[in-house]
Amino acid sequence: GSVSTDKQIKDILKLSKELQKLRPAMEFWFIPSNKIEKFYQAIKKFNLKKARVFDVASQKASRKLVSQCDLGIAVYDKGFGSTKFIEPIKIWEYMMCGVPFIISREPSISTEIKKSGVVFFLQSNNKIPKDGSLARFIKPDNLKKLREKCLSLAKKFNAVETIGEA
């Protein structure tokens, strides 16, 4: 998705490196809509293994790639603009594709989605909790179990119905 700051890229790669320590076989597919060259540089700098950057020009192409994943990442830089009162579009794409996700603490997320367990919140400033909760969340069995919940939530919050209600 769209990346606003270099800090976002750094935080995404730091998180990815930690995820790779927890699940060494994990592959990383980055689908940025901008700053593509900076992703290549950051992957090299962080020595992230099994990482690919895709340069796609449409939501349809992006969703085709996302739907093949088992985990999404949405990292925001709290120092850039307001994230407090947004519900990121990226999370809806993840849920439409049946993909649980990790997200920064700062953006607003609906209470129902929070309670569903399909989302893992990083600590403030994109820090990773040291309590082992991230390792539990990314276990393949857990992510597989959450796929149906994601799809159910995506159907429940169908844009056509939501717009119609508004």
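Residues are numbered from 1 along each chain as its sequence is written, and side-chain values rest on heavy atoms, with hydrogens and water left out. Because the model is predicted, local features need pLDDT of at least 70 and side-chain atom pairs count only at pLDDT 80 or more, while totals for chains, interfaces and linings use all residues. Helices (H or I, at least four residues) and strands (E, at least two) are DSSP runs, numbered from the N terminus.

Axes here are lines fitted to C-alpha atoms, for helices over the stretch in contact, and angles run from 0 to 180 degrees between N-to-C directions. The crossing in which α1 passes α2 is right-handed. On the α1 side, the contact is made by Asp6, Ile9, Ile12 and Leu13, and these meet Lys38, Phe39, Ala42 and Ile43 of α2. Contact means heavy atoms within 4.5 Å. As for handedness, a crossing is left-handed if the near helix is turned anticlockwise from the far one by less than a right angle, and right-handed if clockwise.

Helix α3 (residues 59-66) packs with α4 at an angle of about 55°, and their axes are 9 Å apart. That angle makes α3 oblique to α4. Here too the handedness can be given: α3 passes α4 in a right-handed crossing. Gln59, Ser62, Arg63 and Val66 of α3 make the contact, together with Lys90, Glu93, Tyr94 and Met96 of α4. Another residue of helix α3 is Ala61, which counts as partly exposed because its relative accessibility is 26%. In this scheme, buried means under 20% relative accessible area, exposed over 50%, and partly exposed in between (1.4 Å probe, protein chains only). Between the C-alpha atoms of Ala61 and Ser108, which lie 47 residues apart along the chain, the separation is 27 Å.

Leaving aside neighbours within four places in sequence, Tyr94 is in contact with Val66, Gly72, Ile73, Ala74, Val99 and Phe101.

Not counting residues up to four places away in sequence, Val119 touches Phe101, Ile103, Ile113, Lys114 and Phe137. Its C-alpha atom is separated by 9.9 Å from that of Met95, 24 residues apart along the chain.

Helix α7 (residues 140-156) has 17 residues and spans 25 Å from its first C-alpha to its last, close to the expected 24 Å. The expected span is 1.5 Å times one less than the number of residues. At Arg147, α7 bends by about 30°, the bend being the angle between axes fitted to the seven residues ending there and the seven starting there. Buried positions in α7 are Asn142, Leu143, Leu146, Cys150, Leu153 and Ala154. The buried residues of this helix pack against α4 (89-96), α5 (111-116) and α6 (133-137).

Finally, some loop residues. Lys50, in the loop between α2 and β2 (51-53), has a phi near 55°, a positive value in a residue other than glycine. With 47% relative accessibility, Lys50 counts as partly exposed. A positive phi, near 60°, is also found at Asn125, again a residue other than glycine. Asn125 sits in the loop between β5 and α6 and counts as partly exposed at 28% relative accessibility. The loop between β5 (119-121) and α6 also holds Gly132, which is partly exposed at 31% relative accessibility. Gly132 and Leu22 are 110 residues apart in sequence, yet 9.8 Å apart in space, C-alpha to C-alpha.

Conventions. Parallel < 35°, antiparallel > 145°, perpendicular 65-115°, else oblique.
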